[in-house]
Amino acid sequence: MFGCNEREHDRPENSFLPSAPAFRLLNARVPAAFLTDGVPAGATLDTDDCAIVDILIAHGRFGPIRPAGQSTDAALATLPAADLAGRQAWPRLVDMHTHLDKGHTVARTPNPTGDFPGARDATSADRTAHWDAADLRRRMEFGLACAFAHGTGAIRTHLDSQDGGRFRDQAATTWGVFREVRDAWAGRVALQGVGLTPIDTYATDHGRRLADLIATSGGLIGGVTRPTGGLHGAALAEIDSLLDRMFGLARERDLDIDLHVDETGDPAATSLDAVARATLRHRYEGRVTCGHCCSLALQPAEQAAATIARVAQAGIRVVTLPTVNMYLQDRAHGRTPRWRGVAPVQELMAAGVRVAVAGDNCRDAFYAYGDHDMLDTIRAAVRILHLDHPLAGAPALAGPVPGATMGLAHAGTIREGGPADLILLPARSLNEVVSRPHANRLVMVEGRPFAARIPSYEALTGGSAPW
């Protein structure tokens, strides 16, 4: 239903790009953050640290990237070319923390309070009532189609992996659909899966079975550092033993780890420090990712600094989810929120921690809005997290940082030899990128533009759109 058919790969009617198998993009403005092999010597850099370059695209791959107008290769000069006239060229972006299995359930199972307890309860009810294979497949495919049309090239999705009983062996059902969808979308969106379950699951027989299921599915072990049925808050008394159990299962199966940590405004929530200590204890440096980490922003400065230093020492990557955390955190009926709900991203980066921005939930009980659009997410992140003045470093948080964390060599980058996947934007400066939604962006996959048609909402319910 949501696959990429031949028409989606047709050249858009208004495309100015050559149809030849090899051509050049002239005067492209590329943020230096995306040029992970380095800015070409002699290239002009603007005040946003963007390079003005000419890019060769040949048979779906990037060829040499040269300073604009400085190529001396006579053979290249004979190739057809399109002049971007200094407009922005970005790689397809990376969304390394999503919940495709929860997405697009808000209409049938709303969260009337809009807060975290309400989201947990609504999701549990929706899962019990609706999450069979057909329902999961329809919503996951819809989310992927949206992301693909907007220009996302890689996604890591957390997958609810509860035990049997009222969840009807949800883990086996969800991971089975995930494997099908991952295979169906291979070559268009690189898809990774993470097991999502409360941390105390790993002290049960289901925890071992789940670890085996994740391993055979090529996923990552993960979870939330709160108990089954509970909320994030003060660290569990048995947090160290539970983490030891999970790290042991991960090491036995050679699995990386990705956790939901301290998604709360309670300063007593200190699971991040416990995870950092466990990472060092198990010598798992560089293989652990922690999402959210909201409470760190509200802890005393000395305590937060000590935790951040330990996170850096452990090589933990942090993912901040600014739109969702602003939505959930510090929410109380009839009261305006007093803080933004996000992790102290600037302090983490200053300490050398690799930080990525991601989209998280989409149109479900945890976040009622969104469209799987990473360009929209990074634009919002700049404003929420003050990733500006200068803006130069912000693009990396949606490109090479999450791409490298996912172990994808070329994701979120523009480099010779990589797939020629691009988002061409009608903007010259990074300010212009952030200031508009750019619905008229042009997305390219392996050097070919396609008409980025977002699926209609009617597709979720089996209907058709009137236009």
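Me: Does T323 count as buried or exposed, and at what relative accessibility?

Reply: Before we start, this is a predicted model, in which local features need pLDDT of at least 70 and side-chain atom pairs count only at pLDDT 80 or more, while totals for chains, interfaces and linings use all residues. Residues are numbered from 1 along each chain as its sequence is written, and side-chain values use heavy atoms, with hydrogens and water left out. Buried means under 20% relative accessible area, exposed over 50%, and partly exposed in between, with a 1.4 Å probe and protein chains only. T323 has 14% relative accessibility, so it counts as buried. This residue belongs to helix α9, residues 322-328, where helices (H or I, at least four residues) and strands (E, at least two) are DSSP runs, numbered from the N terminus.

Me: Which residues is T323 in contact with, leaving aside its neighbours within four places in sequence?

Reply: Contact means heavy atoms within 4.5 Å. With those neighbours set aside, T323 is in contact with G359, Y367, A380 and I384.

Me: How should I read a whole helix, and which residues of α5 are buried?

Reply: An α-helix has 3.6 residues a turn, so residues three or four places apart point the same way. In α5, the buried residues are H206, G207, L210, A211, L213 and I214. Seen down the axis of α5, these buried residues fall within an arc of 165° (taken from the directions from the helix axis to the C-beta atoms), so they line one face of the helix. The face turned away from that buried side carries the exposed residues D205 and T216.

Me: What do the buried residues of α5 pack against?

Reply: They pack against α4 (170-185), β9 (190-196), β10 (221-224) and α6 (239-253). Just after α5, G218 takes a positive phi of about 70°.

Me: How are α3 and α4 oriented to each other, and at roughly what angle do their axes cross?

Reply: Axes are lines fitted to C-alpha atoms, for helices over the stretch in contact, and angles run from 0 to 180 degrees between N-to-C directions. Angles under 35 degrees count as roughly parallel, over 145 as roughly antiparallel, 65 to 115 as roughly perpendicular, and the rest as oblique. The axes of α3 (residues 133-150) and α4 come within 10 Å and cross at roughly 40°, and the two helices are therefore oblique to each other. Among the residues that meet here are L136, M140 and F148 in α3, and V177, F178 and W185 in α4.

Me: Where does Q299 lie, and which residues does it touch?

Reply: Q299 is in the loop between β12 (288-292) and α8 (301-313), and it is buried, with a relative accessible area of 9%. Not counting residues up to four places away in sequence, Q299 touches P267, A269, T270 and A304. Distance along the chain and distance in space can be read side by side. Q299 and R340 are 41 residues apart in sequence and 14 Å apart in space, C-alpha to C-alpha.

Me: What is the phi of D49, and where does D49 lie?

Reply: D49 has a positive phi of about 65° although it is not a glycine, and it lies in the loop between β2 (44-45) and β3 (50-58). At 33% relative accessibility, D49 counts as partly exposed.
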